[in-house]
Amino acid sequence: MQTYQKKSIRVSRMKPAVIVDQACAKVPGFKELYNELKRSITIRGQSESALANYSRQLAHLAIYYNRMPLELQADEVMDYLFHLKSTESISDSFFNFTIHGMRYACKMRGMPYTQFSLPEIKSPKQLPIVLNGSEIKTMLKACHILKYRLMIAICYGCGLRSSELQYLQVSHIDTVRKMLHIHQGKGSKDRCVPLGNLLCRGIEQYLVEEIPSKYMFISHFGKPYTTAGIAWVVKQAVTKAGIQKDVHTHTLRHSYAIHLLENGVNIMHIKELLGHKSIESTMIYLRVAQPVCSPAVNPLDVLYGIKE
């Protein structure tokens, strides 16, 4: 069997677009594969993050062997997956998206992915990490920059995913009706969530001071914050607040759901507010909170005692 020179995989600072460009330039046929992925994912209404994740993983695999991923033998794919598992700097999500990317590419081209002996991916059964009310307040107090404070407040107060905050536009916010319209969230679904009085006041102040034109939160590069940039804002607040929990941007969304349950919001209503496709995704929060029946409220207003 022909041997191939293996290359180390550096993922910490490598952006998806960069590694994809490298694969398109170095590996014959990869540019065509990427264009097929982009067309298929767009037609199916899947998110841009799906394209970024799948194409990045396939690009790494293509560069590793200097060959098209779907032209590899099963044992070559297994060797690569073993290499990923043996590399401490490679995350579980990186490993899993490699499998997802291969499966999607096979399905797209009408190939049985079983020929690559791809392993099954077991969903983790860990309960979500949740911040309590005092920790949320401490995080917000630790943000001395209005933009950062509002980013965290909206993520928590509206249960937004990082990608939804990233592309949040000024036109999506109605401070008169106190509603936030989330356009094309995960699964290409729209939904509306209540803003509450405190967030409306913060947003109105921000609009006056920052005067954003299209997107609410623009980085110093003049573009919407990346998910990595949003994660940095959250981590800075967590560090300054002295919180010892393993907090990520999605932790704010988990906390939103748990606090709504504890404030008595019905689980089916929370499913809609979170934009979950299946109630099973929402049910995990029942294992952490003890809900009671009462009307929906914005948890940020509850924390600060703001009433109608």
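Q: Which residues of strand E2 lie on the covered face, and which on the uncovered one?
A: Strands (E, at least two residues) and helices (H or I, at least four) are DSSP runs, numbered from the N terminus. In E2 (residues 179–182), Leu180 and Ile182 form the covered face. Met179 and His181 form the uncovered one. This is a predicted model: local features need pLDDT of at least 70, side-chain atom pairs count only at pLDDT 80 or more, and totals for chains, interfaces and linings use all residues. Residues are numbered from 1 along each chain as its sequence is written, and side-chain values use heavy atoms, with hydrogens and water left out.

Q: In which sense do E1 and E2 pair?
A: Two strands pair if DSSP finds at least two bridges between them. E1 (residues 173–174) pairs with E2 in the antiparallel sense, over 2 bridges. Isoleucine 173 has leucine 180 of E2 as its bridge partner. The hairpin has 4 residues between its strands, and there lysine 178 takes a positive phi near 60 degrees.

Q: How many bridges join E2 to E3?
A: E2 and E3 (residues 191–194) run antiparallel, joined by 4 bridges. Methionine 179 has proline 194 of E3 as its bridge partner.

Q: At what angle do helices H11 and H12 pack?
A: Axes are lines fitted to C-alpha atoms, for helices over the stretch in contact; angles run from 0 to 180 degrees between N-to-C directions. H11 (residues 249–262) and H12 (residues 267–274) pack at about 155 degrees, their axes 10 Å apart. The two are therefore roughly antiparallel (an angle over 145 degrees).

Definitions and conventions
Buried < 20%, exposed > 50% of the residue type's maximum accessible area, 1.4 Å probe, protein only. Parallel < 35°, antiparallel > 145°, perpendicular 65-115°, else oblique.
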